Amino acid sequence: MRGNKPERMEEHPGEGRGMQPIQWTGNHMPRSDDRYLSIMSLTNVEGAYRFHRGFPQYGVTPLAGLAGMAKHLKLGALCVKDESYRFGLNAFKVLGGSYAMACYIAGRLGRDVSTLDYGYLTSDKLREEFGQATFFTATDGNHGRGVAWAARQLHQRAVVHMPKGSAKIRYDHIADEGAQVTIEDVNYDDCVRLAAKEAGETPNGVIVQDTAWEGYEEIPARIMQGYGTMAHEACDQFVAMVGAAPTHVFVQAGVGSLAGAVQGYMQNR
């Protein structure tokens with residue numbers, strides 16, 4: 001919980017060999033009903049999972065069992081979800097952007113996304129019925145690459161803005177997917193504002209961002225559901241490997257979409 005002083009300095013097995021003790025604090029906020037929990041319902045996540053399985057590039061990414069580390073830490077099991085195999089893009093972010101874009105297209109057509117398979121989404125018929133949209137986003141790398149990749153697969157356009165200091169190799173990866181990409185002389189938040197502004201000024205423009213704000217919540221929610229595919233896979237793999245549900249899940253926070261998605265899915269499951 002950001003802003004609190006650490007409650008404890010956890011002893012670390014590697015202390016004394018250059019590793020620092022872990023600082024942590026508990027969440028003492030009272031339990032309450034979560035009106036957003038249904039976003040990550042098993043039904044919604046299954047819908048995203050079904051969508052992703054329709055891609056010819058889809059494959060379940062590995063869950064690596066770290067038996068030696070588990071033994072060292074005296075744990076029953078310790079596993080890591082390896083997303084370096086995801087759609088050949090070396091990152092999970094494509095799961096969110098691709099699903100959000102498909103849901104947007106389905107909404108514009110007045111259809112449920114479950115009725116739009118990969119064959120239709122990449123067909124000339126979709127081009128006739130939907131036309132082309134331009135998907136705008138801001139990124140420091142992986143999210144933008146995922147949006148660019150999905151736009152290319154679905155024969156749509158993508159415009160990606162990267163903040164000052166972004167790595168050239170990440171720029172190149174996004175450009176290689178056919179997106180219009182720039183490195184701006186501003187920070188990430190300003191890139192988000194720029195992408196939103198340009199999307200609003202462009203015919204058939206839409207922003208696909210994994211950050212929500214007042215009045216912009218539907219697409220971030222769809223992105224979170226897309227991330228649910230990874231959580232769904234990992235849970236199934238863990239249960240099959242260990243024979244029990246995990247007791248703890250560690251996940252990066254970032255802007256919160258991944259952390260919220262995993263937490264929501266785990267709570268529902």
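This is a predicted model: local features need pLDDT of at least 70, side-chain atom pairs count only at pLDDT 80 or more; totals for chains, interfaces and linings use all residues.
Cys-191 is buried, and the reason for that label is a relative accessible area of 0%, where buried means under 20% relative accessible area, exposed means over 50%, and partly exposed covers what lies in between, with a 1.4 Å probe and protein chains only. Cys-103 is likewise called buried, because its relative accessible area is 11%.

Residues are numbered from 1 along each chain as its sequence is written, and side-chain values use heavy atoms, with hydrogens and water left out.

Let me turn to the protein as a whole. It has ten helices and eight strands; these are DSSP runs, numbered from the N terminus, with helices being H or I over at least four residues and strands being E over at least two. The C-alpha trace spans about 60 × 45 × 40 Å along the principal axes of the protein. For 269 residues, a compact globule would have a radius of gyration near 18 Å, and the 20 Å of this protein agrees with that; the radius is taken over C-alpha atoms, and the globule rule is 2.2 Å times the number of residues to the power 0.38.

Of the 269 residues, 41% are buried. The protein exposes about 15,000 Å², and carbon and sulfur atoms supply 51% of that area, as computed by the Shrake-Rupley method with a 1.4 Å probe, where for residues only the protein chains shown count as cover. If we take contacts between residues at least 6 apart in sequence, 58% of them join residues at least 24 apart, and contact here means heavy atoms within 4.5 Å.

As for charge, there are 27 positive and 30 negative side chains, and the centres of the two sets lie 3 Å apart. Lys and Arg count as positive and Asp and Glu as negative, while His and the chain ends are not counted; the place of a charge is taken as NZ of Lys, CZ of Arg, CG of Asp or CD of Glu.

Lys-93 sits in the loop between β4 (79-81) and α3 (94-109), and Lys-93 is classed as buried because its relative accessible area is 18%. Which residues does Lys-93 touch, if we do not count those up to four places away in sequence? They are Asn-142, His-143, Asp-210 and Tyr-227. Phe-87 is also placed in the loop between β4 and α3, and although Phe-87 is not a glycine, it has a positive phi of about 55°. Phe-87 counts as buried, since its relative accessibility is 8%.

Moving into helix α3, we come to Ser-98, which counts as buried because its relative accessibility is 1%. Not counting residues up to four places away in sequence, Ser-98 touches Phe-51, His-52 and Ala-150.

Glu-46 belongs to helix α1, residues 42-53. Is Glu-46 buried or partly exposed? Glu-46 is partly exposed, because its relative accessible area is 27%. Leaving aside neighbours within four places in sequence, Glu-46 is in contact with Arg-53 and His-232.

His-155, in the loop between α6 (142-153) and β6 (157-162), is not a glycine and yet has a positive phi of about 60°. His-155 is partly exposed, given its relative accessible area of 39%. His-155 is also one of the residues touched by Thr-122, together with Gln-153 and Leu-154, when residues up to four places away in sequence are not counted. Thr-122 itself lies in the loop between α4 (118-121) and α5 (124-130), and its C-alpha atom is separated by 48 Å from that of Gln-23, which is 99 residues away along the chain.

I will finish with Gly-165, in the loop between β6 and α7 (168-176). Gly-165 counts as exposed, because its relative accessibility is 73%. From C-alpha to C-alpha, Gly-165 and Ile-223 are 26 Å apart in space, and they are 58 residues apart in sequence.
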